[in-house]
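Please read these notes with the structure open beside you. They are numbered so that each point can be checked in turn.

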Amino acid sequence: MATIFEPFRIKVVEPIRVTTRAEREQALEKAGRNLFRLDADDVLLDWLTDSGTSAMSQEQWAGIMRGDESYAGSRSWHRFEKTVRDLTGFAHIVPTHQGRAAEHLLFSLVGGEGKVIPNNTHFDTTRANIEMTGAQALDIPCAESADPALEAPFKGNIDLVALENVLADSPPGRVPLVIITVTNNSGGGQPVSLENLRGARALCDRFGVPLYLDACRFAENAWLIREREAGQSERTPREIAREMFSLADGCTFSAKKDAFANIGGFLCTNDDELAREERNLLILTEGFPTYGGLAGRDLEAIAIGLTEVLAEDYLAYRLASVRYLNDRLHEAGIPVMRPAGGHAVYLDAGRFLPQIPAHEYPGQSLAIELYLKGGIRGCEIGTVMFGRAGAEGEPDQPAAHELVRLAMPRRVYTQSHVDYAIEKIFDVWERRDALRGVRITEQPPFLRHFTAVFEPL
Ligand code: F0G
């Protein structure tokens, strides 16, 4: 089938207000040219994030009605726990209100001064939750991940040589665990291979260190393994996912991604003592261990979503749709991170707008233009987000890459919306020489990308 077929039909619609360029100019001005500050009603395609923005299925909505809101031991909890255990095989399942709450519980207990926690690439909340305890969050992605243009199947892999060196050089206890993010969101939504996970497992066994997964996008990772890894094409996504989890001793999970839920998460471990401490802390910060930070109805929606996300027709469509957007842009010579990853397309703003230096924020300029041209909201992942503000009168210290992430919510937009985005990106590409940078006129001391105010240069 050449046409990308969405394996669902639409029962409830959410209108999109079609705005004019003049209206968008006004909205942008009011938002200080920061797309985070826009009202969602002023956006046509909201590709800011794929997190918590999925469309739930009729089964999930029915589950919402069936939600058991008993404080302790609810039916919904039992369903949730069984589903997560059948999928992951982990002994202990701790529900949390979202992924970062799971990270906070875990790293409050295993982090601390002098500790080092390696990952392929830590997501920002993971890094922050580790650093908050005084521990070091260490990124050791594979070498291929450094070049956005390079075609390689598993650019999300962890660098096993670097991992071996860290483990060999650390006295016992310094590395409390190794974590691998599937897919590697901060590294472009690129997948991690089973071979790489097996390699990490072997190293962790050799040095007696537990291995965890940051499993937010486990199903997309499993499908990319099936498509790209030798010997995997006949296995079901569920079998592959189960093998991924079986190689780990625990995981953190945000149900806002590959569980099609609007909120939720969990933390898993096979360590009885750690689980006991996690539950004690959970009661303090999230809630009783059979609901965590969630309502019974959320537990239902997550349990159902975790099953639906492994359907082959869904995953085939999902990954084909992201690849379609990536490939059409790439064929037109537009610089994008290659190959297509799982949940987003990353425009390489550094190469798209070579006339704009990093300290004049090419990613922000491109994100602004995509909004003005087509009402498309993406997210700058470059010097605004990861650079360091320069001292008075000095330029910023640039980030490693200048990217704009277009993250696609699951089951929300149709292929015509994707074609519309391609048309608008082509328009911006046509007149890229006319684009100029921006400057920051107001910024907070940290996480400036959320609230900074910009002015055109
Ligand atoms: N880990 C990864 C890899 C993530 O992408 C995210 C969230 C989290 C952990 C935290 O989960 O939001 O439920 O607390 N990523 C979103 C994004 C926010 O836009 O990429 P959370």
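1. Helix H4 (residues 99–110) gives the most to the shell around the ligand, with 3 residues. Helices here are DSSP runs of H or I with at least four residues, strands are runs of E with at least two, and both are numbered from the N terminus. This is a predicted model, in which local features need pLDDT of at least 70, side-chain atom pairs count only at pLDDT 80 or more, and totals for chains, interfaces and linings use all residues. Residues are numbered from 1 along each chain as its sequence is written, and side-chain values use heavy atoms, with hydrogens and water left out.

2. The shell holds 17 residues around the ligand, and Thr49, Arg100, Ser254, Lys257 and Arg405 come nearest. A residue is counted as near if one of its heavy atoms lies within 4 Å of the molecule. By type, the shell divides into 2 nonpolar, 8 polar and 7 charged residues. In this count Ala, Val, Leu, Ile, Met, Phe, Trp, Tyr, Cys and Pro are nonpolar, Asp, Glu, Lys and Arg are charged, and the others, Gly among them, are polar.

3. Which side chains have an N or O atom at 2.8 Å or 3.1 Å from a nitrogen atom of the ligand? Asp214 has one at 2.8 Å, and Lys257 has one at 3.1 Å. On the oxygen side, a polar side-chain atom of Arg405 lies 2.8 Å from an oxygen atom of the ligand. The protein covers 93% of the 470 Å² of accessible area that the ligand has on its own. Accessible areas come from the Shrake-Rupley method with a 1.4 Å probe; for residues, only the protein chains shown count as cover.

4. The loop between helix H12 (312–331) and strand E9 (344–348) contains His343. Is His343 buried or exposed? His343 counts as buried, because its relative accessibility is 0% (buried means under 20% relative accessible area, exposed over 50%, partly exposed in between, with a 1.4 Å probe and protein chains only). The side chains of His343 and Asn185 are joined by a polar contact of 3.0 Å. A polar contact is a pair of N or O atoms within 3.5 Å; within protein, one must be able to donate a hydrogen and the other to accept it, and residues adjacent in sequence count only if both atoms are side-chain atoms.

5. Pro339 is also found in the loop between H12 and E9, and the peptide bond from Arg338 to Pro339 is cis, with omega near -15°. Another cis peptide bond runs from Val182 to Thr183, with omega near -20°. Thr183 lies in the loop between strand E5 (178–181) and helix H7 (194–207). Most residues other than glycine have a negative phi, and most peptide bonds are trans.

6. Phe260 is not a glycine, yet has a positive phi of about 50°. Phe260 sits in the loop between strand E7 (250–254) and strand E8 (265–269), and is buried because its relative accessible area is 0%. Arg411, also not a glycine, has a positive phi of about 65°. Arg411 is in the loop between strand E12 (403–407) and helix H16 (415–430), and counts as buried because its relative accessible area is 16%.

7. Glu312 lies in helix H12 and is partly exposed, because its relative accessibility is 33%. Glu312 and Ala358 are 46 residues apart in sequence and 41 Å apart in space, C-alpha to C-alpha.
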